[in-house]
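Here are some questions and answers on how one chain is put together. Look at the model first.

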Amino acid sequence: MIHVAHSSSSSAGSSSSEDKYQSLRTDRMATRNLAIGMILLLQTTFGILGNFSLLYHNLFLHFTGCRLRSTDLIIKSLIVANLLVLFYSGIVYTMSLFGWYHIGNDFACRFFLFVRAVGRGVSIGNTCLLSVVQAVMISPMNSRWAELKVKALKCVVPSIFLCWILQMLVNVIYPMFMSSNGSHKNITNRKSFGRCSAVRHDKTRDSLNAALLSLPDVFCLGLMLLASGRIVFILRRHRQRLQHILSTNVSSRSSPESRATKTILLLVSTFVFFNTLSSILQAVVALFNKPTWLVLNVNSVIVLSFPSLSPFLLMGHDSSASGLCFAWIKNTKSPNLMRNM
């Protein structure tokens, strides 16, 4: 009897310690979800306010006559793409982490991930397109790039549509292979992404999918670096020419060209940093069968970072550009660099 009682007591003690461990683990997970949820909520709130502010800023500069008209449609497309990411990723995942909403069916898994991926890709593509168009339009009239100005204006609308269509085609793998965990009794043979899962393929096919998703990002990153480098080069050369024409020492810290150059460098640095991290994490998620909680949530934070920050950087960029515009109005003898931008 004593032995039986002792065994019963040890079993009860073991069960109690397991319950405490499970309760502690649940509390830690809830705390981590709350922390990530707060970060996503702040990003989403500032991002939505920033993008609507960018829209207002865009319209204001347009009606004051110093708006870069050739880039209006690109800015609007970028705003739509950013808002798609913020609404269908930021809001949904924030609510999920807070326990207010659960992605419990196949349609939700496929739709939200597809929209987030398309919005992210279009945001990257439009930012790249914006830099390329500005690099062409800012070129002096006597340069070899001057012939491309008219062609560039004609290619803006087709390029925007091509960017959207390309991203929809590339990311069609999400509605094809993603589904809710609740739709499958056994998910051990599927790749788990939290509440959603995907068909598990062999390593070769996973590598090809990761390369397919990353290739447009790598192309846009490289193209934006080249375009932004040319813009910085042209602005620096113009500042030197302006100093020579006016025969005055224009301060490198206060000139509109220098401020525009610094803003462009800040925009490019932010773009390259966040989207390089995002592309790496996207590849990791695509390659591993069970990405960890940390990888999935850090990826969500990184995905929201550029759509949240880019409106403020672009408004700073536009302010620098409009400063250049007003400088040209005051000094009609200067070379008209921004006339057709």
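Q: At what angle do helix 2 and helix 3 pack?
A: The axes of helix 2 and helix 3 (residues 106-137) lie 8 Å apart. Axes are lines fitted to C-alpha atoms, for helices over the stretch in contact, and angles run from 0 to 180 degrees between N-to-C directions. Helices (H or I, at least four residues) and strands (E, at least two) are DSSP runs, numbered from the N terminus. Helix 2 and helix 3 pack at about 150°.

Q: How are helix 2 and helix 3 oriented to each other?
A: Angles under 35 degrees count as roughly parallel, over 145 as roughly antiparallel, 65 to 115 as roughly perpendicular and the rest as oblique. The angle here is about 150°. Helix 2 and helix 3 are therefore roughly antiparallel.

Q: How many nonpolar, polar and charged residues are in the contact of helix 2 with helix 3?
A: Ala, Val, Leu, Ile, Met, Phe, Trp, Tyr, Cys and Pro count as nonpolar, Asp, Glu, Lys and Arg as charged, and the others, Gly among them, as polar. By these classes, the contact of helix 2 with helix 3 has 17 nonpolar, 7 polar and 2 charged residues.

Q: What kind of model is this, and how are residues numbered?
A: Residues are numbered from 1 along each chain as its sequence is written, and side-chain values use heavy atoms, with hydrogens and water left out. Local features need pLDDT of at least 70, side-chain atom pairs count only at pLDDT 80 or more, and totals for chains, interfaces and linings use all residues, as this is a predicted model.

Q: What pattern does the protein chain follow along the sequence?
A: The protein chain has 8 helices and 3 strands. Read along the sequence, the pattern is α-α-α-α-α-β-β-β-α-α-α.

Q: Is Val 85 buried or exposed?
A: Val 85 sits in helix 2 (residues 72-97). Buried means under 20% relative accessible area, exposed over 50%, partly exposed in between (1.4 Å probe, protein chains only). Because its relative accessibility is 0%, Val 85 counts as buried.

Q: Which residues does Val 85 contact, leaving aside neighbours within four places in sequence?
A: Contact means heavy atoms within 4.5 Å. The C-alpha atom of Val 85 is 7.1 Å from that of Val 115, 30 residues apart along the chain. With neighbours within four places in sequence left aside, Val 85 is in contact with Gly 90, Arg 116, Gly 119, Arg 120, Val 303, Leu 304 and Pro 307.

Q: Which residues does Ser 278 touch, not counting those up to four places away in sequence?
A: Ser 278 belongs to helix 7 (residues 256-287). At 1% relative accessibility, Ser 278 counts as buried. Beyond four places in sequence, Ser 278 touches Arg 120, Asn 299, Ile 302 and Val 303.

Q: In what order do the strands of the open sheet lie?
A: The sheet has 3 strands with antiparallel pairing. Strand 1 (178-180) and strand 2 are the edges, each pairing on one side only. Two strands pair if DSSP finds at least two bridges between them. The order is 1-3-2.

Q: Which residue in the turn between strand 2 and strand 3 has a positive phi?
A: Strand 2 (residues 190-193) and strand 3 (residues 196-199) pair antiparallel over 4 bridges. Arg 190 stands opposite Val 199. The two strands form a hairpin with 2 residues between them, and the residue with a phi of about 85° is Gly 194.

Q: Which residue of strand 3 stands opposite Ser 180?
A: Strand 1 and strand 3 run antiparallel, joined by 3 bridges. Helix 3 lies across both, at about 140° to strand 1. Opposite Ser 180 stands Cys 196.

Q: Which residues does Pro 175 contact, leaving aside neighbours within four places in sequence?
A: Pro 175 is in helix 5 (residues 173-177). At 30% relative accessibility, Pro 175 counts as partly exposed. Leaving aside neighbours within four places in sequence, Pro 175 contacts Arg 110 and Phe 114.

Q: What share of the 341 residues of the protein chain counts as buried?
A: Leu 213 in helix 6 (residues 203-246) is one example, buried at 14% relative accessibility. For the whole protein chain, the buried share is 48%.
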